[in-house]
Amino acid sequence: MCGIVGILGSKPVANDLVEALRRLEYRGYDSAGIATVQAGQLARRRAEGKLTNLANRLSDEPLGGLSGIGHTRWATHGKPTEDNAHPHMNDHVSVVHNGIIENFGELRDELIEAGHTFQSETDTETIVHLVTHYMNTGLQPEEAVKAALGRLKGAFALGIIFANHDDLMIAARQGSPLAIGHGDGEMYLGSDAIALAPFTTALTYLGEGDWAAITRNETRIYNREGERVERPKVTSVASALTIDKGNHRHFMHKEIHEQPEVISHTLTNYIDMANHQVDFPELGLDLAAIDRVTLSACGTAYYAGLVAKYWIERYARLPVQIDVASEMRYREAPLPANGLAVFISQSGETADTLATLRYCRDQGQTIASIVNVRTSTIARESDAILPTLAGPEIGVASTKAFTCQLAALACLTLALARARNTISKEEEREIIAALTEVPRHIATMLRSEPHYTDIAYELSKAKDVLYLGRGINFPLAMEGALKLKEISYIHAEGYAAGELKHGPIALIDEKMPVVVVAPKDALFEKTISNMQEVAARGGQMILISDASPDEAGCPLMQHIQTPQAHPFVMPLIQAVPVQLLAYHTAVQMGTDVDQPRNLAKSVTVE
Ligand code: F6R
């Protein structure tokens, strides 16, 4: 959702800015650009599309300068053209921005009235002119930015540089994450620790509403009220190693294949293997005192939460409410005392999830978060963190983060159930044994990957695909549909199998593939009945199940055999075939699997 970077260096910064942007490209890839202070003047290079276009532009037209800012864009206001690419600038000020300025329309009108000329359709350019406007009244850069910040409504992380000020960079944060990096005689700014990892691991995260004036020797941070504040310096654990695809064609493929290992790491973090029980030593929560659980997240992480609703209600006998964060944040839901609110997020920066977290905190809930990035804002604002140990996820479509979220949520379920005495020791042992077998089962399934190429060929011819599941498999059906549509651009919907007859069955004909996620659990027979209804209307079915094709009792276009396992762990196992189906279909279609159109990995705007 736009990545920003800034460097006050001791050598020319253009290459390092591009290197940092490469590590931020997951946040957006509609366009990229950098600006530097070169012999006192502001200069920039921008290019539409992926970062390689900017790198090519820079090799044709290099840019000097020891200080600069850079940006990789996920378009919000204005098309992804070069004119709308950041940095935005005039002769005096250059700005990179992540977020949305909600009142940009009225500010723009006011500035045009005052004689400013705009060159782009973006909300960001308003900031350039607003700061310039205050500088024109005689204010120094810092005061001008302070005055401009007071006029901005919305969410932003900003990096700002000025002509004739080679040793000054201003950073501001409201709603969007931003870290200052401390180097040796150099200073950095970045949307996350990963971007800055090649340069420094010493970071200061700006607090909500903070802004900072950064020079090579001194950083002054101010809060929203304008008071000088100190923010702690922390050591980041982000790796400076280049994140590469190894022998895989795509990051998504690599990440699907990493699942046995990373699920294993995540489970090991929560399971006391010697005593066959979950163990949350550092949580500090009184799980027995909880009366109700609220879950919220977005997209794939929401589907992980939906699986957990089934687990927590069934095993811990606790009522669970769940909603997508973009809805929940505005619902004004009443939340009871003794409630635990759990937020699930790979990035830990998703704007809607963060806003819902803050709502729940204001309602007196205890806040736990399941995050993959431990230094993220969601992690920092939680009472307890349950990390997933998935490692960096680069492919925009979430795969290993999802199954690691399921692993952490499975352990949370068992911890709640034990604290509330709703599970016997034997049953906990049995489920833990089943969980520890999951990595082996997934590794087995990954060995039959060639089978997916044929099925993907069939799916790639479809215009629409239905995914069906019942009970705890319903979220998997929705996750399968989301994966397919986001990377292959084929329209797909996930339905509760029992809902089919209430409308969607009208869509069924011989051209509509129906993917059925149906392990042989207590609801299997019911799903079989729904499959008969599809078969009777000529629907072409792909069954993902540990049951044999014969047990389906109706004609199948394809069958994907999964290993047999305890029903509790089936969502983790069923996740892999739906990922592989989407992946191989996208490969057949020739889409950009890791960076599908219109998407970004980290959604820091609402
Ligand atoms: C889909 C996908 C998205 C994310 C969603 C939440 O494959 O990756 O739906 O799950 O944007 O992101 P996080 O988990 O970072 O909060």
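Which residues do ring pairs link into a cluster? Trp311, Tyr315 and Phe568. The model behind these views is predicted: local features need pLDDT of at least 70, side-chain atom pairs count only at pLDDT 80 or more, and totals for chains, interfaces and linings use all residues. Residues are numbered from 1 along each chain as its sequence is written, and side-chain values use heavy atoms, with hydrogens and water left out.

**View 1. The aromatic cluster of Trp311, Tyr315 and Phe568.** Rings of Phe, Tyr and Trp (its six-membered ring) pair if their centres lie within 6.5 Å; planes under 30 degrees apart count as stacked, over 60 as edge-to-face and the rest as tilted. The count by this rule is 5 aromatic pairs. Tyr302 and Tyr303 form a tilted pair, because their ring centres are 5.6 Å apart and their planes meet at 55°. Both Tyr302 and Tyr303 are buried (buried means under 20% relative accessible area, exposed over 50%, partly exposed in between, with a 1.4 Å probe and protein chains only). Tyr315 and Phe568 pair edge-to-face, with 5.0 Å from centre to centre and 70° between the planes. This pair links distant parts of the chain, 253 residues apart: Tyr315 is in helix α9, and Phe568 is in the loop between β27 (558-561) and α19 (570-589). Helices (H or I, at least four residues) and strands (E, at least two) are DSSP runs, numbered from the N terminus. Tyr315 and Phe568 are buried.

**View 2. The largest pocket, with about 1,100 Å³ of space.** On a 1 Å grid over the protein atoms alone, a pocket is an open set of points with protein on both sides within 12 Å along at least five of seven lines; a cavity is a set where a 1.4 Å probe fits but cannot get out; lining residues have an atom within 4 Å of a point. Grid points are joined across faces, edges and corners, and a volume is the space filled by probe spheres set on the points. The largest pocket has 40 lining residues; Arg23, Ile194, Ile243, Pro392 and Ile394 lie nearest its centre. At least two lining residues come from each of α1 (14-24), α2 (51-60) and α6 (193-196). Helix α1 gives the largest share, 3 residues. By class, the lining has 13 nonpolar, 14 polar and 13 charged residues. Ala, Val, Leu, Ile, Met, Phe, Trp, Tyr, Cys and Pro count as nonpolar, Asp, Glu, Lys and Arg as charged, and the others, Gly among them, as polar. Domain 1 (3-240) and domain 2 (251-446) each contribute at least three residues to this lining. Domain bounds come from an automatic or database domain assignment.

**View 3. The second largest pocket, with about 590 Å³ of space.** Its lining counts 25 residues, with Cys298, Gly299, Ala600, Lys601 and Val603 nearest the centre. Two or more lining residues come from each of α9 (299-316), β20 (339-345) and α16 (474-488). The largest share, 3 residues, belongs to α9. The lining divides into 12 nonpolar, 8 polar and 5 charged residues.

**View 4. The largest cavity, with a volume of about 50 Å³.** The model has 1 cavity of 30 Å³ or more. Its lining includes Cys2, Arg73, Trp74, His77, His86, His97 and Asp123. The lining classes are 2 nonpolar, 7 polar and 2 charged residues. Pro87 lies in the loop between β4 (67-73) and β5 (88-89).

**View 5. Two charges over rings, at Tyr29 and Tyr489.** A charge sits over a ring if NZ of Lys or CZ of Arg is within 6 Å of the ring centre and within 35 degrees of the ring normal. The charged end of Lys50 is 5.7 Å from the ring centre of Tyr29. For Arg597 over Tyr489, the distance is 3.8 Å.

**View 6. Positive phi at Glu332 and Asn338.** Most residues other than glycine have a negative phi, and most peptide bonds are trans. Glu332 has phi of about 55°, and Asn338 has phi of about 60°. Glu332 is in the loop between α10 (325-331) and β20. Asn338 is also in the loop between α10 and β20. Glu332 is exposed, at 64% relative accessible area. Asn338 is partly exposed, at 46%.
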